[in-house]
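Visitor: Before we go through this model, could you show the sequence and the coordinates together, and then take my questions one at a time?

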Amino acid sequence: MIHIILHFIIPLMIAFGFYRNRWRNAAVIMIATMIVDADHLLADPIYDPNRCSIGFHPLHTTPAIVLYILMFALPLVFRKKDNGTGFLSASRTVHLAGLGLLIHMALDWIDCMI
């Protein structure tokens, strides 16, 4: 249960700490990435408390995580501004989705270690 709560608390804390001027928007995007757990529906059984998600479920594999890193990093590398208000909307969304997915994978990896 604590694991699931952390999937909400950590993105909220990061959104408020690093994206303060748009923290609600950032938090919603990062929390929405929990949809990545839909790949658990492909497993049999769907839920196994002793199974590590990382490396088992398709959206929790190394190639997927590399994609999430690119989603997070590329908008920072190729940053463009829009009228002084920050990232372009699509770039901001991709960046925050990548961050949310990386947070999700980190929390799942920690869960595997415990």
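Visitor: Which handedness does the crossing of α1 and α2 have?
Guide: This is a predicted model, in which local features need pLDDT of at least 70 and side-chain atom pairs count only at pLDDT 80 or more, while totals for chains, interfaces and linings use all residues. Residues are numbered from 1 along each chain as its sequence is written, and side-chain values use heavy atoms, with hydrogens and water left out. A crossing is called left-handed if the near helix is turned anticlockwise from the far one by less than a right angle, and right-handed if it is turned clockwise. By that convention, the crossing of α1 and α2 is right-handed.

Visitor: At roughly what angle do the axes of α1 and α2 cross?
Guide: The axes are lines fitted to C-alpha atoms, for helices over the stretch in contact, and the angles between N-to-C directions run from 0 to 180 degrees. The axes of α1 and α2 come within 8 Å, and they cross at roughly 145°.

Visitor: Against which helices do the buried residues of α2 pack?
Guide: Buried means under 20% relative accessible area, exposed means over 50%, and partly exposed lies in between, with a 1.4 Å probe and protein chains only. In α2, the residues Ala26, Ala27, Ile29, Met30 and Ile31 are buried. These buried residues of α2 pack against α1 (2–18) and α4.

Visitor: What kind of aromatic pair do Phe16 and Trp23 form?
Guide: Rings of Phe, Tyr and Trp (its six-membered ring) pair if their centres lie within 6.5 Å, and planes under 30 degrees apart count as stacked, over 60 as edge-to-face and the rest as tilted. A search of the whole structure finds one aromatic pair. Phe16, at 39% relative accessibility, counts as partly exposed, and so does Trp23, at 26%. With 5.7 Å centre to centre and 85° between the planes, the pair of Phe16 and Trp23 is edge-to-face.

Visitor: How many polar residues does the contact of α3 with α4 have?
Guide: The residues in this contact include Ile65, Tyr68 and Phe72 of α3, and Ser91, His95 and Gly98 of α4. By class, the contact of α3 with α4 has 13 nonpolar residues and no charged ones, while the number of polar residues is three.

Visitor: Which residues does His40 touch, apart from those up to four places away in sequence?
Guide: His40 is found in the loop between α2 (23–32) and α3. With a relative accessibility of 17%, His40 counts as buried. Apart from residues up to four places away in sequence, His40 touches Ile46, Ser53, His57 and His60.

Visitor: Which residues is Ile54 in contact with, leaving aside its neighbours within four places in sequence?
Guide: Ile54 also has its place in the loop between α2 and α3, and with a relative accessible area of 23% it is partly exposed. Leaving aside neighbours within four places in sequence, Ile54 is in contact with His60, Met105, Asp108, Trp109 and Cys112.

Visitor: What is the form of the peptide bond from Asp44 to Pro45?
Guide: Most peptide bonds are trans. Pro45 lies in the loop between α2 and α3. The peptide bond from Asp44 to Pro45 has omega near 0°, and its form is cis.

Visitor: How many helices does the chain have?
Guide: Helices (H or I, at least four residues) and strands (E, at least two) are DSSP runs, numbered from the N terminus. The elements of the chain run α-α-α-α from the N terminus on. The chain has zero strands, and its number of helices is four.

Methods: Contact = heavy atoms within 4.5 Å. Nonpolar A, V, L, I, M, F, W, Y, C, P; charged D, E, K, R; others polar.
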